[in-house]
Amino acid sequence: MINKNNCISLFKNASWFNRVARYCSLVFAAILFSGCVPPPAKTPMDAIHISAANNPADAHIILLPGRGDHAEDYVKNGFTKILQQRYPHIGITAADAHMGYYREQQLDIRLQQDIIQPAQSAGHKKFILCGISLGGLGALIYSKNHPQDISEIWLIAPFLGEDNIIAEINAAGGLMEWQPQNIAENDWQRQLWLWIKQWHIEGQTIPIYLAYGDKDYLHEGHVLLSSILPADKIVHIPGKHQWNTWRQLWPLLLNKVDQHSANLKKH
C-alpha cells in the first residue's frame, strides 16, 4: 500500500518509466526509516508459474503485487486457486515484481525478458496484466510502453497519482475536459493521465477492468478512472485498501471479465 503523503514528484530523468521509478525511490526512502526495506531486484525475476491443464489456450495471466507484497501473496489469498478453478486452460504467473524493481528501474525489462518472452516462446500470444495497488500502476506502465504485448488490464485498487493531480482533473470538469499545457518531462503523473486520456480517445484498444473498495484511500483516483470506463467493466464494494476487500472483489471482477473477454475462452 502507498502512503501518498510521503510522495513528491521530483523527477529529472527523461524516461517516463524512469520517472515513475524515481517516485518509487522516494517511497522506498520513506519506508527505509520504518525498518521495512524491500529486497533488491533479481535477474531473472522470481515468479510462481502455474501451467495450464490439457488443451491450453494461447492466453496467459500475469499477476503483479502491491507495495510490500510478493508473488506468494496471490497464492496465500486464494487468487491463483480461483483462477485455476475458473480457467484451468490458462497459464498463470504471479510475478515477484516487488518495490525493488521499481526502485531500480527494472520492472519493464524484467517483465519482458523473464516473464513475457519465455511465455511467448512457449506459444502464448495474449497476455493479461493484473495488478493490485502499486502493481496496478506497474500494469499501466508496462502497457503504455509495450502495448503490443498486452491484451487486457485488470486493476484492483490501483495507485493512479497524488490527490492534487486528481483534484486538478476534476476541477477541469473531468478527464476529457482536462487540457494540461506544457507538461514537464519530470511530471510523470500528468503524463500518466494524459496517456489514459489518449487511450480512451483511441477507443480503449486494450480493455481495462477496475475493482476497488469505496473506502479505499485511493478512492478519488478510482472514481476518476471509472468516469471513462464502461459501467460493466467496473466493480466496487464497501471496503478499504486491504486484502480482505480485494479477496471479496476478485470473483466479482472475474464475473465482469467473463461477460466480455474472449481471451479466456478455449479455442
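**Exercise 1.** Is the crossing in which helix 6 passes helix 8 left-handed or right-handed? Also find the angle and the contact residues.

*Solution.* This is a predicted model, where local features need pLDDT of at least 70, side-chain atom pairs count only at pLDDT 80 or more, and totals for chains, interfaces and linings use all residues. Residues are numbered from 1 along each chain as its sequence is written, and side-chain values use heavy atoms, without hydrogens and water.

Step 1. Locate helix 6 (residues 134-145) and helix 8 (residues 188-201). Helices are DSSP runs of H or I, at least four residues; strands are runs of E, at least two.

Step 2. The helices pack at about 70 degrees, with axes 11 Å apart. Helix 6 is therefore roughly perpendicular to helix 8 (65 to 115 degrees).

Step 3. The crossing is left-handed: the near helix is turned anticlockwise from the far one by less than a right angle.

Step 4. Helix 6 brings L137, L140, S143 and K144; helix 8 brings W188, L192 and W195. Contact means heavy atoms within 4.5 Å.

**Exercise 2.** Where does A157 lie, and is A157 buried or exposed?

*Solution.* Step 1. Look in the loop between strand 5 (150-156) and helix 7 (163-171).

Step 2. Phi of A157 is near 45 degrees, positive in a residue other than glycine.

Step 3. A157 has a relative accessible area of 0%, so A157 is buried (under 20%, with a 1.4 Å probe and protein chains only).

**Exercise 3.** Which residues does a cis peptide bond join?

*Solution.* Step 1. The bond joins T43 and P44, with omega about 0 degrees.

Step 2. P44 sits in the loop between helix 1 (16-32) and strand 1 (47-50).

How values were computed:
Buried means under 20% relative accessible area, exposed over 50%, partly exposed in between (1.4 Å probe, protein chains only). Axes are lines fitted to C-alpha atoms, for helices over the stretch in contact, and angles run from 0 to 180 degrees between N-to-C directions. Angles under 35 degrees count as roughly parallel, over 145 as roughly antiparallel, 65 to 115 as roughly perpendicular and the rest as oblique.
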